[in-house]
Amino acid sequence: MPAIRTVRAILLSAPYENPATNMEARVHLPTGYRTCGMVELALDDGTTGIGEGYLAVFAPQVFVDIVKILEPYLIGADVDDHDALMQKLATATGYWSLQGAAQHAISAVDIALYDCRAKRADLPVYALLGGKCEPLRLYASGGDALGVGPMAAELDEVERLGINTLKIRARKDNLDKAVWCARRGAERGIDLAVDMTQNMAITSQTIDDAVSFVTSVHEQCGLAPVFLEEALGPDATSGFPELCHQLDGISKVAGGEIVTTAREMVTRIDAGYYGIAQPDATVIGGITATVEIFDHCRSHPTDVYVHCWGGPVGMMANYHAALARGGPLVEWPMTNFDLRDAMVAAPWRVEGGELHLSDVSGLGIELTAEIEASFPFRKEALYRCAVDPATIPTPVLWE
């Protein structure tokens, strides 16, 4: 019986892009560092597994404290009794956090269990789940540059990687930016997608705002975004089916990265919230829940593009789930985050717009004492959702 011997919560902070050229970094991460929260499970046979919870980007100490609450339920547990163990954790946290912060920590545990089990089987996680080693088609995720020069450089990099879709960040008052990116992207054979970042907007923009944005982009340059992500905020999610209806045949509506249970995501899919569901294994309950969403969408006209904006463990967890279930497109972050390269056992390989995962056992992640020493946790490295308006840069001219 491979039992869990120790449980460790790990916080690492690493440089994140350049605040001079990146809106997100300047406004939400003023220190220039971003934190990543992980759980390490060590088994009595010497195997270790790593998982990640997205919560630590925003509330690292909360993440650590929740892992400590989960620890007594994990010590001595058989990792092969995966489903029963996850049910126990759900029961332990369900009353106070069935949907919310605890799910991020549970996600990290689920991912770490898969890492352990796959390593013991000497298989990559995708193979443990029945998948084959095939390339994953990518869309580039970035588009947060603070001007024409940096944005053009990002388009050049997307073109170099062979990726043919770039997702930018643009709210309803960034129409000129979207039009500029659509036109310049088209010159390179790159389609435009738009993240309207309403997950951090309370009160949300309206359905009319989102529809007007898409139709205005189309009217000005003859090109509509191929998909529109997070167009409505947490206080307006009931409007997604109507938004899908109004944009039918124009742009697909994408969302779901903040959904913390498979049950809620399934309910949204059944109600017609999305043309593209975007589960994140570090949020929704781990690899188990992400695979469940893929399986559920097989009987629905809904694609699944995993959300991959976390650290290297979260990226790998999502990619393995997508590879195991034939995900048609996955997110590739364009923003530099040093930790992403440091922890992959084999270097990232992107060719012709496709990601090629290795056949390294487990997730393909390594965490060494040297890595931990190189990226010590910085308590000031917090992602600030509510920002001081004075920190928002003056709008640039998109010509």
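Reader: What makes K167 and E229 a salt bridge?

Author: This is a predicted model, and in it the closest N and O atoms of K167 and E229 are 2.8 Å apart. The cut-off for a lysine nitrogen and a glutamate carboxyl oxygen is within 4 Å, so the pair counts as a salt bridge.

Reader: Where do K167 and E229 sit in the chain?

Author: K167 is in strand β5 (residues 165-169) and E229 is in strand β7 (residues 227-229). They are 62 residues apart, so the pair links distant parts of the chain.

Reader: How many salt bridges does that rule give?

Author: The count comes to 16.

Reader: What makes you say that α6 and α7 are in contact?

Author: Contact calls for heavy atoms within 4.5 Å. On the α6 side V148, M151, A152 and L155 make the contact, and on the α7 side W180, C181, R184 and G185 do. The axes of α6 (residues 148-161) and α7 (residues 175-187) come within 11 Å and cross at roughly 40°. The crossing of α6 past α7 is right-handed.

Reader: How do the residues of that contact divide into nonpolar, polar and charged?

Author: There are 6 nonpolar, 1 polar and 1 charged.

Reader: Why are I69, Y73, Y95 and W96 called a nonpolar patch?

Author: A patch takes residues with over 30% relative accessible area, and nonpolar side chains are joined within 5 Å. These four form such a patch on the surface, with about 520 Å² of accessible area together. Helices α2 (60-74) and α3 (82-97) each give two or more residues to the patch, and I69 lies in α2.

Methods. Residues are numbered from 1 along each chain as its sequence is written. This is a predicted model: local features need pLDDT of at least 70, side-chain atom pairs count only at pLDDT 80 or more; totals for chains, interfaces and linings use all residues. Side-chain values use heavy atoms; hydrogens and water are left out. Axes are lines fitted to C-alpha atoms, for helices over the stretch in contact, and angles run from 0 to 180 degrees between N-to-C directions. Helices (H or I, at least four residues) and strands (E, at least two) are DSSP runs, numbered from the N terminus. A crossing is left-handed if the near helix is turned anticlockwise from the far one by less than a right angle, and right-handed if clockwise. Ala, Val, Leu, Ile, Met, Phe, Trp, Tyr, Cys and Pro count as nonpolar, Asp, Glu, Lys and Arg as charged, and the others, Gly among them, as polar. Patches are made of residues with over 30% relative accessible area and no salt bridge: like charges are joined within 9 Å, nonpolar side chains (Val, Leu, Ile, Met, Phe, Trp, Tyr) within 5 Å. Accessible areas come from the Shrake-Rupley method with a 1.4 Å probe; for residues, only the protein chains shown count as cover. A salt bridge is a side-chain nitrogen of Lys or Arg within 4 Å of a carboxyl oxygen of Asp or Glu.
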